[in-house]
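Dear colleague,

I am passing on the structure we talked about, and below it you will find my notes on what came out of the analysis. Please read them with the sequence and the coordinates open beside you.

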Amino acid sequence: MLRIEHLQVSYGDIQVLWDVSLNVPEKAIVALLGPNGAGKSTTLKTVVGMMRPLDGKIWFCGQDITAQQPHQIVNSGMYLVPEWRGTFSTLSVLENLELGAFVPHARPQKEQTMKRVFELFPRLHERRAQKAGTLSGGERQMLAIGRALMAQPKMLILDEPSLGLAPLVVQNIFDTIQYINQQGVTILIVEQNIHKALEIASYGYIIETGAIMGEGTSADLMSNQRIQKAYLGI
Amino acid sequence: MDISVGIVGQSLLSAVLVGSLYGLAALGLSLVFGVLKVLNVAHGELLMLGGYTAFWLFNLLGIDPYLSLVVVIPVLIVIGIGLHLGLFRHVVQFDEEHRIKNSLLIGFGLALILQTIAIRLFTADDRSIATSYSTNAWELLGLRLPIVRFSGLVIGILVVIGLQWFLHRTVIGKAIRATAEDWRTAALTGINVQRMYLITFALGAALSGLAGMLVALQFSVNPNIGLSWTLKALIVVVLAGLGSMPGTFIAGILLALVEAVSSLIFGGQYRELVGLIIFLIILSVRPQGLFGAKYA
């Protein structure tokens with residue numbers, strides 16, 4: 001569904017991604033893993049059109065989206081929940097969700113989708129009239145995912161969904177991600193919490209200092225000694 | 001004693017009416033600054049062009065100034081779209097900090113160009129729209145209420161209500177507020193940020209055109225009025241803080257009231273100075289402005 005081919009990206013003179021290629025098949029959960037500063041967020045920014053690559057191609061649903069604007073990419077069915085959560089703190093929870101359905105293809109079913117989001121996150125229903133800025137970290141992540149669902153994406157990209165959340169909330173968020181995937185949404189998840197991510201993903205890529213250093217099924221990666229040593233603390 | 005109460009009442013009433021023009025002039029500037037993070041210092045020149053458009057429609061074609069708004073506003077929208085696509089579209093590619101610096105340079109240049117063009121085309125004479133009802137006034141509790149001035153207050157309130165409705169009840173309005181808060185997240189939501197900037201800039205130009213008509217009707221226009229209106233609007237915007245349309249309008253009236261009270265107490269020559277001192281005091285106590293949200 002998403003194919004990244006030989007991506008080269010730089011900030012000014014400093015190149016930060018070197019020949020990054022990865023593939024996310026339809027209906028799969030794929031994890032992009034690696035330490036802080038490895039280039040995970042840069043990869044995502046480039047995929048959604050917030051940064052332009054020096055070289056390389058990005059294909060989504062058979063279309064070349066390398067040169068597209070962010071809003072065009074969202075319109076074609078890919079949705080990124082960024083590391084900074086991506087909610088509007090001066091808008092109410094309800095307005096945040098409404099804007100999630102801003103893309104034309106999601107607008108007609110806005111009411112039904114919102115009902116489903118409230119079923120998934122009853123907390124958001126309780127807080128619907130509140131400004132998003134007053135929510136707790138976990139609630140804000142729920143709102144960010146709820147907003148993404150409002151857009152009825154074919155593919156959901158989550159950047160560090162566990163960042164800064166209590167373990168219980170993290171479990172809840174990961175269960176939800178798995179549930180969303182079972183509804184037919186393809187998922188690319190970027191995580192520092194490698195163990196958690198590999199539990200729900202079927203395939204993973206390891207990125208270090210801007211290059212893909214390894215890839216494999218989750219089982220392979222979990223049993224790989226080097227990865228165990230470097231990331232899983234085993 | 002009776003006389004002085006009358007004078008005080010009359011000058012406070014006049015201040016409210018003048019202040020609604022300050023508020024109207026500031027609404028467009030506040031909207032553009034708040035959403036695009038671009039400070040258009042040629043805002044007053046757009047107001048001047050709106051005033052001239054209404055003046056010529058009245059003088060050459062005899063079109064009533066209120067009716068002429070159906071032409072003035074579209075003309076300013078077209079000018080606004082042209083300026084945005086030609087100039088400010090390039091500025092909003094930068095980070096917020098660079099947007100302000102670059103927009104100041106472009107705005108000053110633009111202001112000079114528009115002034116010069118206006119002098120060439122219209123001469124430097126003062127022009128005002130003198131309708132048959134321009135001098136009509138109502139008597140209210142012994143105070144004089146000139147109807148064209150009163151209309152500014154009414155129009156101002158209607159515009160604020162309209163803007164509130166647009167920004168809080170329509171999808172495009174909500175998308176504009178979202179863009180103002182965080183354009184990156186807005187883009188990731190599927191909002192065409194550049195389109196929102198264009199709509200907002202055009203709306204800002206339309207508002208300055210409306211204010212320009214009222215200035216030409218209540219006072220007068222000449223090619224050089226732009227700067228003083230930009231400064232007035234800027235003070236009101238900083239005083240009010242960003243993000244609240246009713247707050248901006250009310251701050252306009254407050255500024256005029258402060259100026260009026262100070263000129264009653266200290267004499268007319270100090271009105272601008274006292275206004276600015278009050279402005280500095282309020283800012284040192286509430287840096288986010290009277291009605292602005294506190295930014296983290």
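Of the contacts in chain A with a separation of 6 or more, 67% are between residues 24 or more positions apart; please keep in mind that this is a predicted model. The secondary structure of this chain comes to 10 helices and 10 strands, and buried residues account for 45% of its 234 residues.

As for overall dimensions, the C-alpha trace of chain A spans about 45 × 40 × 30 Å along its principal axes. The radius of gyration of chain A is 17 Å, which agrees with the value near 17 Å that a compact globule of 234 residues would have.

Where the two chains meet, 20 residues of chain A are in contact with 16 residues of chain B. On the side of chain A that touches chain B, the elements that give two or more residues are helix 2 (70-75) and helix 3 (93-100) of chain A, and by class that side has 12 nonpolar, six polar and two charged residues.

Note on methods
Residues numbered from 1 in each chain as written. Chains lettered and ligands numbered in written order. Predicted model: local features only at pLDDT ≥ 70, side-chain atom pairs only at ≥ 80, totals over all residues. Contact = placed C-beta atoms within 7 Å. Helix = DSSP H or I, 4+ residues; strand = E, 2+ residues; numbered from the N terminus. Nonpolar A, V, L, I, M, F, W, Y, C, P; charged D, E, K, R; others polar. Rg over C-alpha atoms; globule rule 2.2 N^0.38 Å. Buried ≥ 20, exposed ≤ 12 C-beta atoms within 10 Å, placed from the backbone.
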